[in-house]
Amino acid sequence: MIKRDGESGFAEIFGILPDSLKRAADNLSWKEKKRIEDIRLRSGRCVSFLFPEGEKSIDGAVVGAGDIEHILEQATKHSVYSAMESMKYGFITIEGGHRIGMCGNAVVKNGEVTGLTKISSLSIRIAREFPGFADTVLKQYEKAGGFQSTLIVAPPGCGKTTLLRDIIRQLSDGAGGVRHRVAVADERGEISAMSGGVAQLDVGGHTDVLYGCPKDRAALMLLKTMNPTIIAMDEITSPADTEAARQIANCGVSLLATCHGSGLSELEKRQTNLLKSGVFQYAVMISSDGRREITIERLAQ
Amino acid sequence: MKGWRNDMVKFIGSIMITAAAAMIGFLKVKSLSEHVKALNAVISALEVMRAEILFRLTPLPEIMSQLSRNSDDPISCFFESCAEKLKTETSKPFTAIWNEALSEHPELPFSQEERTVLADLGTVLGRYDPEQQAKAIGLAESRLDRFLKKAEAVRATQGRMYGALGVIIGICIVIVLL
């Protein structure tokens with residue numbers, strides 16, 4: 001398994017860019033390439049790269065509609081139809097676990113989005129592995145005598161999935177003395193980057209991944225079929241996800257999940273039940289200032 | 001003795017001329033059969049492709065390698081070229097790969113019109129949703145099916161004629177020469 005840092009992740013993304021944008025990307029130094037978080041492409045505008053401190057546009061490298069089409073064709077291995085289901089939700093995940101978010105004209109039928117056409121913007125998020133990112137959290141578990149259900153809360157782009165993956169890996173590989181059987185509901189494929197039945201990102205030796213299935217259903221399937229000690233899922237958003245989390249917590253299985261939010265007070269306004277239901281014992285926050293500082297808070301039961 | 005030898009040479013020459021003319025006739029019959037066989041093979045391959053896209057959302061590189069292994073000759077070599085190019089020339093658009101593979105196989109016994117049907121299909125493969133893909137492949141199948149029916153009729157009517165004509169022309173040449 002290849003360890004994916006920013007540079008190797010960028011190299012993978014580089015391969016799907018059209019020649020004109022490859023030339024623009026070549027203007028960046030290798031240090032900059034390592035630090036890129038997102039590549040932003042907006043039709044008719046210059047390509048820009050997102051760093052922890054902000055976006056940097058490359059003058060003259062204008063993105064054409066053909067460039068966006070080229071990237072989608074390359075990203076889906078010449079088979080855009082194979083990604084239509086996730087495109088309905090505005091993203092595709094490509095080999096290596098990199099997520100391409102997209103905007104365009106939504107096709108709505110009977111009140112439901114059935115697809116996206118005339119794609120005008122792409123946000124290519126580079127997947128990274130930071131082995132050791134979760135050390136602080138693991139130390140807290142050691143102090144508490146073992147893993148306890150945890151909710152990771154941070155705004156988009158702060159490293160929630162990266163932290164989740166590292167916690168999964170360490171718990172699965174026996175950090176703290178116990179090798180947990182971790183079952184991962186990886187709806188978008190961003191946690192494990194499954195390809196050909198093999199996880200391309202390190203999620204540990206005792207981890208089972210259910211890929212591509214809606215989280216709420218995946219979590220309950222894993223609970224019934226894989227005898228896990230921990231179930232992990234990314235981005236609890238819908239009431240169905242919250243309900244699935246509650247059911248898991250009442251079945252003697254611990255839960256590890258992420259949720260969007262700048263902090264607990266903000267989350268409380270939106271997801272009061274989730275925090276007060278007793279599902280999670282710990283909340284882990286990641287700072288959004290680029291330093292990725294982790295704070296852990298024990299939740300009142 | 002000399003007369004006997006001359007007769008033998010004439011006899012062997014006659015047989016060879018007749019056999020050569022008959023062979024030309026049979027080759028023409030064979031090319032008609034190969035045309036039908038190739039059309040049947042490509043239509044079967046397109047049926048598989050349509051099902052793979054519609055029901056399993058299988059990506060094109062996988063479909064191409066599957067068809068290169070499982071299709072009948074001579075179309076399997078075309079899909080093999082596509083599969084190979086998809087592995088090695090990853091940054092090329094699929095349409096270019098498909099068209100290049102098509103032009104790399106002039107030995108495929110397709111008419112210009114049949115090649116145009118395949119080239120047209122190459123411009124839509126990989127794009128749009130699975131239902132649109134299935135429709136486009138289905139359309140190509142039905143267009144090729146019409147060519148197949150025509151090719152089968154030609155084989156039925158002209159096949160026997162070419163076989164007999166070869167032998168007759170051979171005999172005619174021999175008579176004229178004698």
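## Burial and the Tyr141(A)–Phe147(A) pair

A residue is termed buried at under 20% relative accessible area, exposed at over 50% and partly exposed in between (1.4 Å probe, protein chains only). Tyr141(A) and Phe147(A) are both buried. The model is predicted: local features need pLDDT of at least 70 and side-chain atom pairs count only at pLDDT 80 or more, whereas totals for chains, interfaces and linings use all residues. Residues are numbered from 1 along each chain as its sequence is written, chains are lettered from A and ligands numbered from 1 in the order in which they are written, and side-chain values use heavy atoms, with hydrogens and water left out.

Over all chains, the structure holds 7 aromatic pairs (rings of Phe, Tyr or the six-membered ring of Trp with centres within 6.5 Å; planes under 30 degrees apart are stacked, over 60 edge-to-face, the rest tilted). The Tyr141(A) and Phe147(A) rings are edge-to-face because their planes lie at 70 degrees, with centres 4.9 Å apart.

## Aromatic residues of chain B

Phe78(B) and Trp98(B) also form an edge-to-face pair, 4.9 Å centre to centre with 80 degrees between the planes. Phe78(B) belongs to helix α3 (residues 75-88) and Trp98(B) to helix α4 (residues 94-103) of chain B, so the pair ties together parts 20 residues apart in sequence. Helices are DSSP runs (H or I, at least four residues), numbered from the N terminus.

Phe78(B) counts as buried at 1% relative accessibility, and Trp98(B) likewise at 0%. One aromatic cluster comprises Phe78(B), Phe79(B), Phe94(B) and Trp98(B).

## Charges over rings in chain A

A charge sits over a ring if NZ of Lys or CZ of Arg is within 6 Å of the ring centre and within 35 degrees of the ring normal. Arg188(A) lies over the face of Phe91(A), 4.4 Å from the ring centre. The charged end of Arg298(A) sits over the ring of Tyr282(A), at 5.1 Å from its centre.

Definitions and conventions. Helices (H or I, at least four residues) and strands (E, at least two) are DSSP runs, numbered from the N terminus.
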